[in-house]
Amino acid sequence: MRSVEDTPRLRFRELVEDDVDTLATLFADPEVMQYIGTGGVLTRDRALRSIERQQAEYRERGFGEWATIERETDAMIGLCGLIRWPDIDGVEELEVAYLLARDAWGRGLGTEAATAIRDHAIEHLGRTRLISCIYPDNHASIRVATKVGMHFEKTFTYEGSPMSLFSLEAAPSA
């Protein structure tokens, strides 16, 4: 499986079980998790199950969410990648997703990661449509989505809450 290509400040790699403590720390931060899933912290057990689920995604689909490493410090600062949504209003979609630790916010790393993930999906997976599902009041994620070329498409309901769907239509890669 080919992972997302490194960027000037980030590396991406498959998650391994040794990432559980770092991922659990991310999942335990209420500010980081405010706009993830249904919003709210997750347990260490959920972090381990997430790693196992991503490892299955790598094997079955060749993509998933990757450990996101800051090159300068060699520290895992997030979980960024591609999430398959089997049914949004009757359509299967592929999401560009980015989750970063609070101390990585405000430095353009989310945009850098999302750009690399977008490019990987288009150039190596041949995807022509990508989305990001964002809570309407998550202004930072909306900025990232628009910076990578996405536009607001519609609102849909996720677990009883409104969610904004941003999308990008890309030309097929040659």
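Helices (H or I, at least four residues) and strands (E, at least two) are DSSP runs, numbered from the N terminus. The structure is a predicted model, in which local features need pLDDT of at least 70 and side-chain atom pairs count only at pLDDT 80 or more, while totals for chains, interfaces and linings use all residues. Residues are numbered from 1 along each chain as its sequence is written, and side-chain values use heavy atoms, with hydrogens and water left out.

The protein chain contains five helices and seven strands, arranged along the sequence in the pattern β-α-α-α-β-β-β-α-β-α-β-β. The C-alpha trace spans about 40 × 35 × 30 Å along its principal axes. The radius of gyration of the protein chain (taken over C-alpha atoms) is 15 Å, which agrees with the value near 16 Å that a compact globule of 174 residues would have; the globule rule is 2.2 Å times the number of residues to the power 0.38. Of the 174 residues, 47% count as buried, where buried means under 20% relative accessible area, exposed over 50%, and partly exposed in between (1.4 Å probe, protein chains only). The accessible surface comes to about 8900 Å², and 48% of this surface belongs to carbon and sulfur atoms; accessible areas come from the Shrake-Rupley method with a 1.4 Å probe, and for residues only the protein chains shown count as cover.

Asp 29 is found in the loop between H1 and helix H2 (30-33), and counts as buried because its relative accessibility is 14%. When neighbours within four places in sequence are left aside, Asp 29 is in contact with Val 41 and Arg 102. The C-alpha atoms of Asp 29 and Leu 42, which are 13 residues apart along the chain, are separated by 8.7 Å.

Asp 29 and Arg 102 also belong to the lining of the second largest pocket, together with Thr 22, Thr 25, Leu 26, Val 32, Glu 70, Met 76, Ile 77, Ala 101, Asp 103 and Arg 107. On a 1 Å grid over the protein atoms alone, a pocket is an open set of points where a 1.4 Å probe fits, with protein on both sides within 12 Å along at least five of seven lines, and lining residues have an atom within 4 Å of a point. About 150 Å³ of space lies in this pocket, the volume being the space filled by probe spheres set on the points. Helix H1 (20-27) and strand E3 (75-88) each supply at least two residues of the lining, and H1 gives the most, with three residues. The lining residues divide into five nonpolar, two polar and five charged.

Thr 111, in helix H4 (residues 109-123), is likewise buried, with a relative accessible area of 17%. Apart from its neighbours within four places in sequence, Thr 111 is in contact with Val 144, Lys 147 and Val 148.

Technical notes: Nonpolar A, V, L, I, M, F, W, Y, C, P; charged D, E, K, R; others polar. Contact = heavy atoms within 4.5 Å.
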